[in-house]
Amino acid sequence: MAAVRDVEIDPDGTFKYILVRLQRPGGGEQRDIVRGTKAAEFHNHIFEKVNPEMEKLGYECKCLGGGKIDHNSKEKKIRVFGLSTGYGKADHSVTVEILKKVYTDYEITWSDEKK
């Protein structure tokens, strides 16, 4: 699982994201990752890209929910908020902990606000 990056998000802007749980088939080792991009019109577009990539590596994927990320790389700030109509709201506190592993010098916050 070490080969899979914890976070892949756009470097700037406000965009949709999903929280995905990777698992070895049959249980055992599991890990959550964050994926987000402006290119996705809907949250399922992100999952439809991630799922086949992870299946090739031998993982099962489950979307734990979604929301939005506001990423300001100049100010080193990330805000996590909102929800996915299709997948429901991700646990933003989990998402923030994952983001903090990668963006160690950022101010990262979350809220249940829709905008």
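Entry 1: Buried means under 20% relative accessible area, exposed over 50%, and partly exposed in between (1.4 Å probe, protein chains only). In soluble globular proteins, nonpolar side chains tend to be buried together.

**Entry 2: the basis.** I note that this is a predicted model, in which local features need pLDDT of at least 70 and side-chain atom pairs count only at pLDDT 80 or more, while totals for chains, interfaces and linings use all residues. Residues are numbered from 1 along each chain as its sequence is written, and side-chain values use heavy atoms, with hydrogens and water left out.

**Entry 3: the sheet.** I traced six strands in an open sheet, in the order β1-β3-β2-β4-β5-β6, with mixed pairing. Its edge strands are β1 (7-8) and β6 (107-110), each of which pairs on one side only. Strands (E, at least two residues) and helices (H or I, at least four) are DSSP runs, numbered from the N terminus; two strands pair if DSSP finds at least two bridges between them.

I then followed β3. It runs parallel to β1, to which two bridges join it; Glu8 has Arg35 of β3 as its bridge partner. With β2, the pairing of β3 is antiparallel over eight bridges, and Lys16 stands opposite Thr37 in β3. The hairpin of β2 and β3 has six residues between the strands, and Gly26 takes a positive phi near 85° there. Six of the eight residues of β3 are buried, so this strand is largely enclosed by the rest of the structure.

Entry 4: I placed Leu19 in strand β2 (residues 13-23) and found it buried, at 2% relative accessibility. Its C-alpha atom is separated by 4.9 Å from that of Val34, 15 residues apart along the chain. Leaving out residues up to four places away in sequence, Leu19 touches, among others, Asp32, Val34, Leu64 and Ile98; contact means heavy atoms within 4.5 Å.

Asp32 is in strand β3 (residues 30-37) and counts as buried at 15% relative accessibility. The Asp32 side chain makes a polar contact with the side chain of Arg21 (2.8 Å). A polar contact is a pair of N or O atoms within 3.5 Å; within protein, one must be able to donate a hydrogen and the other to accept it, and residues adjacent in sequence count only if both atoms are side-chain atoms.

Entry 5: I found His71 in strand β4 (residues 60-72), buried with a relative accessible area of 3%. The side chains of His71 and Tyr106 make a polar contact (3.0 Å). Beyond four places in sequence, the residues that His71 touches include Ile9, Phe15, Ile78 and Tyr103. Ile9 in turn touches Val34, Ile69, His71 and Leu99, among others, with residues up to four places away not counted.
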